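I opened this model to look up its helices, its charged pairs and its nonpolar contacts. My entries are below.

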Amino acid sequence: MSTNVRPTRGYSASKDQLQTRLRRLEGQVRGVQKMVEEDRWCPDILVQIAAIRAALDKVALGLVEGHVEHCMAEGAGDEKRRAEMTAELMAALERLVS
């Protein structure tokens, strides 16, 4: 009998909070859609987009922190493995800021 055990991720402990933030972001995006539909003033829409981007950045940084504290700290063994994990993290951060 096999069980499907999900792996523990760096965000596992705060998964509920993360999902709440993402649902809030989803609502903000829908709000911007409505603003465009209603022909609202461009600067007001841009302020909302900036708020969405800031909120997404906060989610992303929380994920990075969890990855570093959980995945990298626990998975780091020898120097070669640490170098691989550092390269993986840097590639992820590059995608984040690009």
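These entries go from the first helix to the salt bridges, then to the core and the surface.

**Ground rules.** I am working from a predicted model, where local features need pLDDT of at least 70, side-chain atom pairs count only at pLDDT 80 or more, and totals for chains, interfaces and linings use all residues. Residues are numbered from 1 along each chain as its sequence is written, and side-chain values use heavy atoms, with hydrogens and water left out.

**Helix α1.** I took helices as DSSP runs of H or I with at least four residues, numbered from the N terminus. Helix α1 covers residues 15–37, which is 23 residues. I checked its length against the expected span, 1.5 Å times one less than the number of residues. Next I looked up which residues of α1 are buried (under 20% relative accessible area; exposed is over 50%, partly exposed in between; 1.4 Å probe, protein chains only). They are Leu18, Leu25, Val32 and Met35. Just after α1, I noted a positive phi of about 55° at Asp39.

**Salt bridges.** How many salt bridges does the structure hold? I found 3, using a side-chain nitrogen of Lys or Arg within 4 Å of a carboxyl oxygen of Asp or Glu.

- Arg30 pairs with Glu26 at 3.5 Å, N to O. The two are 4 residues apart in helix α1, so about one helical turn separates them. Arg30 is partly exposed at 46% relative accessible area, and Glu26 is partly exposed at 45%.
- Lys34 pairs with Glu38 at 3.9 Å, N to O. Glu38 is partly exposed, at 41%.
- Glu38 also pairs with Arg40, with the closest N and O atoms 3.8 Å apart. Arg40 is partly exposed, at 39%.

I logged Lys34, Glu38 and Arg40 as one network of salt bridges.

**Core.** Which residues make up the largest nonpolar core? I used buried Ala, Val, Leu, Ile, Met, Phe, Trp, Tyr and Cys residues joined through side-chain atoms within 4.5 Å. The core has 7 residues: Leu18, Leu25, Val32, Met35, Ile45, Ile52 and Val59. Helix α1 gives the most, with 4 residues. In soluble globular proteins, nonpolar side chains tend to be buried together.

I then followed Leu25. Leaving out residues up to four places away in sequence, Leu25 touches Ile52, Ala55, Leu56 and Val59. Contact here means heavy atoms within 4.5 Å.

**Surface.** I looked for a nonpolar patch (nonpolar side chains Val, Leu, Ile, Met, Phe, Trp and Tyr joined within 5 Å, each residue with over 30% relative accessible area and no salt bridge). Leu61, Leu96 and Val97 form one, with about 290 Å² of accessible area together. That area comes from the Shrake-Rupley method with a 1.4 Å probe, and for residues only the protein chains shown count as cover. Leu61 sits in helix α2 and is exposed, at 53%.

**Helix α2.** Asp44 is also in helix α2. Asp44 is partly exposed, at 32%. From Asp44 to Leu56 I noted 12 residues in sequence and 19 Å in space, C-alpha to C-alpha.

Definitions and conventions: Patches are made of residues with over 30% relative accessible area and no salt bridge: like charges are joined within 9 Å, nonpolar side chains (Val, Leu, Ile, Met, Phe, Trp, Tyr) within 5 Å.
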